[in-house]
Amino acid sequence: ILFLVGGLAFFIVTTLGIILIILSVRSKKKAQASTQWPSVAGQVSNLEITRNNSQDADGNLDYTYTPIVHYSYTVGGQTFTSDKIAFGAVRNYSLENKAREVLAQYPLGSPATVYYNPQNPAEAVLKVSSSGGRVTLIIGIALLVISLCVICPLFGYLLYQNL
């Protein structure tokens, strides 16, 4: 049973680590490609902050705040809408004021430079950078290291049993 549980833990942690690394690399590549994308003038149509809560082991609620900027833009006579600020993980803030600072960069009704994918104009961002990619990469690598820490003792156990 030890081998089964350890093997399952190894599989889950390794898979999650690989997925996080792939997401980080893809996000970085998209951010890099977006530096060559054309831009158009868009308009900020709505601003909001979502409050997310999670409960810690003691039952205390922790809150994070996510700034969301909705904007519209027109490419080739077709109007698109988006809320993607940058590629990568959606940025959450532990303080609502920090989320408000992000929104302050995009006043409601103001013009905004929108960078869009010429092959898929529905894909657009306000910033040609990647957010959270480095953190995602580090977590992915850490999970792979942890998976090695799980599998090495298991192999040692199997070798010991077979001697």
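**View 1. Thr64 and the residues it touches in this predicted model.** Skip the neighbours within four places in sequence, and Thr64 is in contact (heavy atoms within 4.5 Å) with Thr50, Arg51, Asn52, Asn92 and Tyr93. Thr64 sits in strand β2; strands (E, at least two residues) and helices (H or I, at least four) are DSSP runs, numbered from the N terminus. With a relative accessibility of 29%, Thr64 counts as partly exposed, the class between buried (under 20% relative accessible area) and exposed (over 50%), using a 1.4 Å probe and protein chains only. Ile49 is 15 residues away along the chain, and its C-alpha atom lies 9.8 Å from that of Thr64.

**View 2. The open sheet of 5 strands.** Read across, the order is β3-β2-β1-β5-β6, with antiparallel pairing; two strands pair if DSSP finds at least two bridges between them. β3 (78-82) and β6 (120-125) are the edge strands, each pairing on one side only.

**View 3. Where β2 meets β3.** Strand β2 (residues 61-75) runs antiparallel to β3, and 5 bridges join them. Tyr71 stands opposite Ser82 in β3.

**Notes.** Residues are numbered from 1 along each chain as its sequence is written, and side-chain values use heavy atoms, leaving out hydrogens and water. Local features need pLDDT of at least 70 and side-chain atom pairs 80 or more, while totals for chains, interfaces and linings use all residues.
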